2 protein chains.
Amino acid sequence: MTTPGPHASRPADARVGYTVLERMVTHTGPVFRVESLRVADSRGRIARRDVVRHPGAVTVLAQLADGRYVMIRNQRIAVGETLLEFCAGKLEPGEPPAITAGRELEEECGYRAGSIVPLGTFYTSPGFADERMYVFLATDLEPIDRRLEPGEEIDVVILRRDEIEAAIRAGTLVDGKSLAAWMLHVART
Amino acid sequence: MTTPGPHASRPADARVGYTVLERMVTHTGPVFRVESLRVADSRGRIARRDVVRHPGAVTVLAQLADGRYVMIRNQRIAVGETLLEFCAGKLEPGEPPAITAGRELEEECGYRAGSIVPLGTFYTSPGFADERMYVFLATDLEPIDRRLEPGEEIDVVILRRDEIEAAIRAGTLVDGKSLAAWMLHVART
């Protein structure tokens with residue numbers, strides 16, 4: 001069964017040396033779906049690859065006028081832990097990532113940003129998922145009321161740069177996208 | 001339908017303020033499975049959360065005696081691109097992560113490590129997956145023959161630290177786990 005999806009027009013086969021022989025959708029949900037692919041590599045060897053198709057997401061490093069950063073403690077059902085993270089959220093269909101970034105910062109953290117600039121992008125788990133993360137630095141922040149969605153359990157925490165670096169060294173910042181986003185920020189400052 | 005899996009014994013509900021009302025396995029494959037959860041938050045509000053259950057993985061920063069790092073260009077079917085990455089691979093059942101790290105470095109890069117030390121750990125995509133990444137620094141490297149698995153299309157590249165930092169700034173290193181792993185390394189050096 002071949003099922004074209006939102007990513008079907010992507011010329012993946014042309015850019016890399018493999019051929020997709022078969023594509024079957026095995027899971028469809030509100031956030032992602034799963035495709036089970038049968039692929040042949042450049043030597044004709046056949047392999048199965050299950051791929052999570054995700055709409056993409058944003059991470060927002062929000063910096064206050066005093067230099068501190070707005071972070072969250074986010075109850076993560078998938079890992080059964082509450083994690084220290086930067087604000088994040090998935091893209092809505094057709095929504096430019098910078099708009100998503102501003103919206104998520106308002107909803108999760110209660111800040112409206114006067115400036116939102118891109119820091120870069122990365123894939124969170126390219127071994128099995130196509131989720132692309134767009135990273136932004138938000139500044140010129142104005143406090144507003146938060147608007148959490150059902151199922152979101154999020155506390156806002158304000159940390160200095162040295163406190164974030166200490167959390168990385170201590171192993172208490174274990175959210176991969178936050179580490180990668182901080183790397184993009186540090187590489188530019 | 002409630003299906004206990006490898007993670008079912010994890011006391012997730014006790015550590016965070018939600019209750020799993022229903023758990024249904026909707027996808028089962030060789031690398032991961034998907035559970036569709038119906039959860040109630042601490043205020044009794046009901047939400048659906050689809051979760052990818054993954055065995056976990058390792059990332060290996062392998063450093064040669066001259067200070068340069070062994071990286072790979074890895075054809076990633078999930079994102080349809082060839083990515084610059086550090087060596088990585090998923091955990092086999094019961095295999096300690098440091099052993100996986102040594103094995104993957106031999107198979108993908110063709111180096112046997114005399115020393116493998118942990119740099120830290122993180123979750124790659126805690127919004128929808130429980131994949132935990134264990135990061136190692138491998139040194140005292142001896143060249144051996146590579147052993148690629150079917151479907152793996154991987155080239156080894158050797159880069160200096162400043163070349164890796166330039167790739168991060170230029171946006172040509174877009175593998176999240178490699179960015180996060182490099183952050184853990186940089187935070188300690």
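How far apart do the C-alpha centres of domain 1 of chain A and domain 2 of chain A lie? They lie 30 Å apart. This is a predicted model, where local features need pLDDT of at least 70 and side-chain atom pairs count only at pLDDT 80 or more, while totals for chains, interfaces and linings use all residues. Residues are numbered from 1 along each chain as its sequence is written, and chains are lettered from A and ligands numbered from 1 in the order in which they are written.

**Domains of chain A**
- Domain 1 covers 12-53 and domain 2 covers 57-187, with bounds from an automatic or database domain assignment.
- Five residues of domain 1 of chain A touch four residues of domain 2 of chain A (contact: C-beta atoms, placed from the backbone, within 7 Å).

**Chain A against chain B**
- Each side is spelled out as 65 residues from chain A and 65 residues from chain B.
- On the chain B side, helix 4 (residues 176-187) gives the largest share, eight residues; helices are DSSP runs of H or I, at least four residues, numbered from the N terminus.

**Helix 4 on helix 4**
- The axes of helix 4 (residues 176-187) of chain A and helix 4 of chain B come within 8 Å and cross at roughly 70°; axes are lines fitted to C-alpha atoms over the stretch in contact, with angles from 0 to 180 degrees between N-to-C directions.
- So helix 4 of chain A is roughly perpendicular to helix 4 of chain B (65 to 115 degrees).
- Residues meeting here include Trp182(A) and Met183(A) from chain A, and Trp182(B) and Met183(B) from chain B.

Terms used: Two residues are in contact if their C-beta atoms, placed from the backbone, lie within 7 Å. Helices (H or I, at least four residues) and strands (E, at least two) are DSSP runs, numbered from the N terminus. Angles under 35 degrees count as roughly parallel, over 145 as roughly antiparallel, 65 to 115 as roughly perpendicular and the rest as oblique.
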